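Visitor: I'd like a quick tour of this one. Can you show it to me and start with a contact list?

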Amino acid sequence: PAGEGRPGTRLIDVSKKEAFVSVIIPSKDNVPILKRCLETVIQTVQRVPYEIVIVDNGSSEDNREQITRETERINQAISSEKSCLQKIRYLYRPMPFNFSHMCNLGAKEAEGNLLLFLNDDIEAVSSGWMEELVDKALREWTGAVGIKLLYPDSTRIQHAGVVNIVLGPVHKLQFQDDNGRYYDGRNQGVWNYLAVTGACLMIRREVFEEAGGFEEQLQVAFNDVDLCFTLYELGYHNVVVNTVYLVHHESLSRGHDE
């Protein structure tokens with residue numbers, strides 16, 4: 001239900017639920033950014049089994065070698081220590097940039113019953129965020145699940161859900177200070193929204209397949225909104241978890257939509 005939950009009042013118990021998350025990260029020629037994303041995810045996810053699938057649409061040979069070495073290093077490390085990360089896979093598939101196709105390709109290769117599409121310029125700053133997403137995504141009425149995103153080194157909101165206005169889809173409360181309280185706590189609770197951003201979007205595999213995946217004719221932008229509209233038309237509720245947050249270095253990877 002809309003408005004469920006308050007920050008800091010509970011811990012989500014996902015241990016008794018069957019969940020295996022495939023984190024799908026499209027990336028190209030952004031080695032330092034990708035490494036930071038991987039490191040922060042591994043450091044903060046502590047109670048949910050998951051894999052990581054990197055989809056690279058044509059990094060330079062030097063960057064390809066660096067990413068290959070990094071994924072091999074991570075796989076060796078997790079084999080010798082207790083980790084929720086089961087494995088990391090690197091799919092090198094040179095092709096023109098098409099975010100939708102890269103995500104769909106990652107989904108086909110993924111093994112999880114939950115798919116988490118994550119931009120490589122996302123940074124996790126505290127634990128518990130994936131558990132919150134899993135808890136919502138496993139509910140039968142849920143379509144896509146998003147999360148509050150803040151701009152780097154600030155408390156400014158980048159994303160707290162997507163709403164449709166006369167000019168088209170926009171991020172709710174973008175540029176507002178997260179220290180404030182807006183519209184009965186829309187930036188603090190868990191709410192149903194028309195859409196969420198694909199920068200961090202979790203969905204059950206069967207629901208993603210029912211919706212037909214991301215529309216590949218939308219190569220750069222609005223493919224996430226299109227997916228969420230489809231889910232809404234199928235009768236699902238899209239959810240934004242604003243009790244936790246991630247940092248988004250917005251458009252650092254692919255540039256701005258324009």
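Guide: Let's begin with Met202. Leaving aside neighbours within four places in sequence, Met202 is in contact (heavy atoms within 4.5 Å) with Val21, Leu114, Leu115, Leu116, Met130, Leu133, Val134, Ala137, Gly143, Ala144 and Val145. This is a predicted model: local features need pLDDT of at least 70, side-chain atom pairs count only at pLDDT 80 or more, and totals for chains, interfaces and linings use all residues. Residues are numbered from 1 along each chain as its sequence is written, and side-chain values use heavy atoms, with hydrogens and water left out.

Visitor: How many residues has the largest nonpolar core?

Guide: It has 43, and Val21, Tyr50, Trp129, Met130 and Met202 have the most contacts inside it. A nonpolar core is a set of buried Ala, Val, Leu, Ile, Met, Phe, Trp, Tyr and Cys residues joined through side-chain atoms within 4.5 Å. Buried means under 20% relative accessible area, with a 1.4 Å probe and protein chains only. Another core, of 31 residues, lies apart from the largest one. Val207, Phe208, Phe214 and Tyr236 are among its members.

Visitor: New topic. Where does Gly213 lie?

Guide: In the loop between helix H5 (205-210) and helix H6 (223-233). Helices are DSSP runs of H or I, at least four residues, numbered from the N terminus.

Visitor: Is Gly213 buried or exposed?

Guide: Buried, at 8% relative accessible area. Beyond four places in sequence, Gly213 touches Asn104, Phe208 and Leu227.

Visitor: And how many disulfides?

Guide: Zero, counting pairs of cysteine sulfur atoms within 2.5 Å. Cys37 is in none, and its nearest cysteine sulfur, that of Cys200, is 9.5 Å away.

Technical notes
Helices (H or I, at least four residues) and strands (E, at least two) are DSSP runs, numbered from the N terminus. Buried means under 20% relative accessible area, exposed over 50%, partly exposed in between (1.4 Å probe, protein chains only).
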